[in-house]
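Try each task before reading its solution.

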Amino acid sequence: MKTTFCFLSIIFSTFCFAQKEFQPKDSEVIQYVDGDLDGDKIPEKVIVYNTKDTTDLGNIRELQILKKINGKWTILEKSRNAILESRGGGMMGDPYQDMEIQKGILMITQAGGSSWKWGYTDKYRFQNGHFELIGYDSTYGKPEEYFSNVEFNLSTGQLNFEKEVENTAEYGKSKKETFIKKGVKINLQNRNLEKQRKITLPQTKEDVYF
């Protein structure tokens with residue numbers, strides 16, 4: 001038990017040092033995770049901060065990815081665009097849900113809405129010298145109306161769309177479509193721009209926003 005406590009204390013102390021060195025002034029840590037993101041078998045640290053800076057949608061969030069090089073922590077990349085503001089979830093308030101690392105992929109989940117609800121997970125991989133969005137999974141809808149699901153693999157360009165309709169009188173029949181859209185380049189720096197990106201599917205004529 002004593003050995004375990006000492007080990008956890010070392011881990012926590014290491015995190016605190018790495019965190020405080022780069023932490024934005026007067027900010028708070030929302031979440032942090034460890035994991036190998038660049039394939040060198042050495043875990044990076046990913047931290048989400050709630051900063052004191054604000055917009056009309058609340059407090060700005062800052063994402064930092066820290067890497068230890070020659071025994072010293074350094075910022076591999078940081079962004080204030082990857083995480084939505086504190087009131088970016090609309091009536092549901094804070095949209096931030098979770099962050100995890102799976103097989104070298106950084107996954108960030110956010111959600112919001114009111115009676116109509118939305119949620120999505122971004123999947124980032126370290127490639128070409130920075131973190132690029134390689135996957136986007138989303139859900140949007142309302143019970144007794146319809147729910148639409150999107151799975152977009154930005155690496156292959158394959159976009160799978162499915163719309164399950166309950167209120168067929170207003171929204172018509174359920175729909176499915178697979179579409180190839182290559183060349184979409186999104187990274188931590190240009191994610192969640194002021195103007196949403198949109199793809200209009202050629203067969204169903206449905207609009208996919210991301």
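**Exercise 1: a pair of strands**

Y140 has S148 as its bridge partner in strand 9. This is a predicted model, where local features need pLDDT of at least 70, side-chain atom pairs count only at pLDDT 80 or more, and totals for chains, interfaces and linings use all residues. Residues are numbered from 1 along each chain as its sequence is written, and side-chain values use heavy atoms, with hydrogens and water left out.

Task: find how many bridges join strand 8 and strand 9.

Solution. Start with strand 8 at residues 130-142 and strand 9 at residues 146-153; strands are DSSP runs (E, at least two residues), numbered from the N terminus. Eight bridges link them in the antiparallel sense. Two strands count as paired if DSSP finds at least two bridges between them.

**Exercise 2: the setting of Q31**

Task: is Q31 buried or exposed, and which side chains does it meet in polar contacts?

Solution. First, locate Q31 in strand 1 (residues 28-35). Next, Q31 is buried because its relative accessible area is 18%, and buried means under 20% (exposed is over 50%, partly exposed in between; 1.4 Å probe, protein chains only). Finally, its side chain makes polar contacts with those of Y96 at 2.6 Å and D98 at 3.0 Å. A polar contact is a pair of N or O atoms within 3.5 Å; within protein, one must be able to donate a hydrogen and the other to accept it, and residues adjacent in sequence count only if both atoms are side-chain atoms.

Key: Helix = DSSP H or I, 4+ residues; strand = E, 2+ residues; numbered from the N terminus.
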